[in-house]
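The sequence and structure are shown first.

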Amino acid sequence: MSEPQQSRGSQARACGSPAPEGRYDEHALGLDLSWRARAYYQMALIRRVESGLLDLFARNLLFGTTHTCLGQEADAVGVIGALDRGRDLVFSNHRCHGHFLAYCGKAHGLVAEIMGRATGVCGGRGGSQHLHWNNFFSNGIQGGMSPIAVGAALAEKEAGGIACIFLGDGTLGQGVLYESLNMASLWNAPVLFVVEDNAIAQTTPGSLNLAGEVGVRAAAFGIRGFHHAGTDVEAILTLAAEAVDYVRSGRPAWLHLETVRMGPHSKGDDTRPAEEIERAHGLDPLLLQRARVPEWEALEARAAALAEAALTQAMEDPPACAS
Ligand SMILES: Cc1ncc(C[n+]2csc(CCOP(=O)(O)OP(=O)(O)O)c2C)c(N)n1
Ligand SMILES: [Mg+2]
């Protein structure tokens, strides 16, 4: 397999605004590594940061809420690895930390943001669900970002950029999503709708809230679908690259990724039977990728050191100004 398309990463700009100060964190993204090692390393960094956040919660050092993406790291790394960070836009949801890290690698800015520190990427005022840096935007309202992604994609179309929006399977019940699919198809908006289907919405299994098939929802609007069942980051990267190419040609697409949620919905709220959680752990994307990356222990150590430094520094940083 040849190396999939990688970011140019130098001409980043938000929709209609000048490029902001600062750059992607190339070291944190592992841009010096081979694409295969990088895929493992980026997933390890996400896992380490997310685990660190859950640990802070357990020790009463975080307030608010947080939704970690343990088990879903391959979606973030595979899909965002197929985008052009220099011109594409990413819209995310409540489970956004992994998407954010795969986009820009700013681990300290993320942790400080979640901890309400002045050094956070949004000055500590956005928190876990409202992250914004450069062309990355997240919001916790399920489906709320989908019309925004369609509009932004249309605005960026002439410049060759596309929008990628991450949605959960539980969000397929939101009407605004179907209005967005309708307009995206009618107006040829270059949007990649990514459904991270972990078969659960908070504590409600998909079998109780989702009728019919996931793929045919997009097909009903004449939108081409792509599908992967599993947590193989390399397969997701390859499929996402194909979907991104298609979207860049001027049509929306739907990428359905069947994945697993290894952790709780947010902190301790996991009501699933033990065997179901065990099954999810059996599909851990990091374990899958380890078998292909002989140097995984060194990459793990690098990710652990970076996450630890981010967490330690954020703890010492000043709080966001209250006024
Ligand atoms: C409009 C709206 N309704 C309810 C909520 C509360 N809520 C947050 S996450 C969530 C479940 C989302 O499930 P899914 O879309 O499958 O994403 P997952 O959490 O599995 O990643 C709910 C009900 C919300 N954020 N927005
Ligand atoms: Mg879900």
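## Nonpolar core

A nonpolar core is a set of buried Ala, Val, Leu, Ile, Met, Phe, Trp, Tyr and Cys residues joined through C-beta atoms within 7 Å. The model discussed here is predicted. Its largest nonpolar core comprises 88 residues, of which L45, I165, V191, L192 and V194 touch the most other members. Helix α2, spanning residues 35-58, gives the most to this core, contributing 9 residues. In soluble globular proteins, nonpolar side chains tend to be buried together.

Apart from neighbours within four places in sequence, V194 is in contact with V79, C164, I165, F166, L167, L255 and L257.

Ligand 1 has 14 residues around it, and Q142, G168, G170, T171 and A201 come nearest. Sorted by class, this shell consists of 9 polar, 3 nonpolar and 2 charged residues.

## Helix α7

Helix α7 covers residues 175-186, 12 residues in total, and its first and last C-alpha atoms are 17 Å apart, close to the 16 Å expected at 1.5 Å a residue. Its buried residues are L177, S180, L181 and A184. These cover an arc of only 100 degrees around the axis, which puts them on the same side of α7. An α-helix has 3.6 residues a turn, so residues three or four places apart point the same way.

After α7 comes N188, which has a positive phi near 55 degrees.

## Helix α13

Helix α13 (residues 296-316) contains 21 residues and reaches 30 Å between its first and last C-alpha atoms, close to the 30 Å expected at 1.5 Å a residue. The residues buried in α13 are L299, A303, L306, A307, A310, L311 and A314. Viewed down the axis of α13, the buried residues fall within an arc of 130 degrees, so they line one face of the helix.

The cover over the buried residues of α13 includes α1 (26-29), α2 and α5 (107-114). Turned away from the buried side of α13 is a face that carries the exposed residues E297, A298, A301, A305, T312 and E316.

## Asparagines with positive phi

Most residues other than glycine have a negative phi, and most peptide bonds are trans. N60 is not a glycine, yet its phi is positive, about 60 degrees. N60 is located in the loop between α2 and α3 (73-81). Because 7 other C-beta atoms lie within 10 Å of it, N60 is exposed.

N134 also has a positive phi, about 55 degrees, although it is not a glycine. N134 belongs to the loop between β2 (132-133) and β3 (136-138). Is N134 buried or exposed? With 22 C-beta neighbours inside 10 Å, N134 counts as buried, since the cut-off for a buried residue is 20 or more.

## I148 in helix α6

I148 is part of helix α6. I148 has 17 other C-beta atoms within 10 Å and is therefore partly exposed. The C-alpha atoms of I148 and Y40 are separated by 31 Å, the two residues being 108 residues apart along the chain.

Terms used. Residues numbered from 1 in each chain as written. Chains lettered and ligands numbered in written order. Predicted model: local features only at pLDDT ≥ 70, side-chain atom pairs only at ≥ 80, totals over all residues. Buried ≥ 20, exposed ≤ 12 C-beta atoms within 10 Å, placed from the backbone. Helix = DSSP H or I, 4+ residues; strand = E, 2+ residues; numbered from the N terminus. Contact = placed C-beta atoms within 7 Å. Near = placed C-beta within 6 Å. Nonpolar A, V, L, I, M, F, W, Y, C, P; charged D, E, K, R; others polar. Expected span 1.5 Å × (residues − 1). Arc of directions from axis to C-beta.
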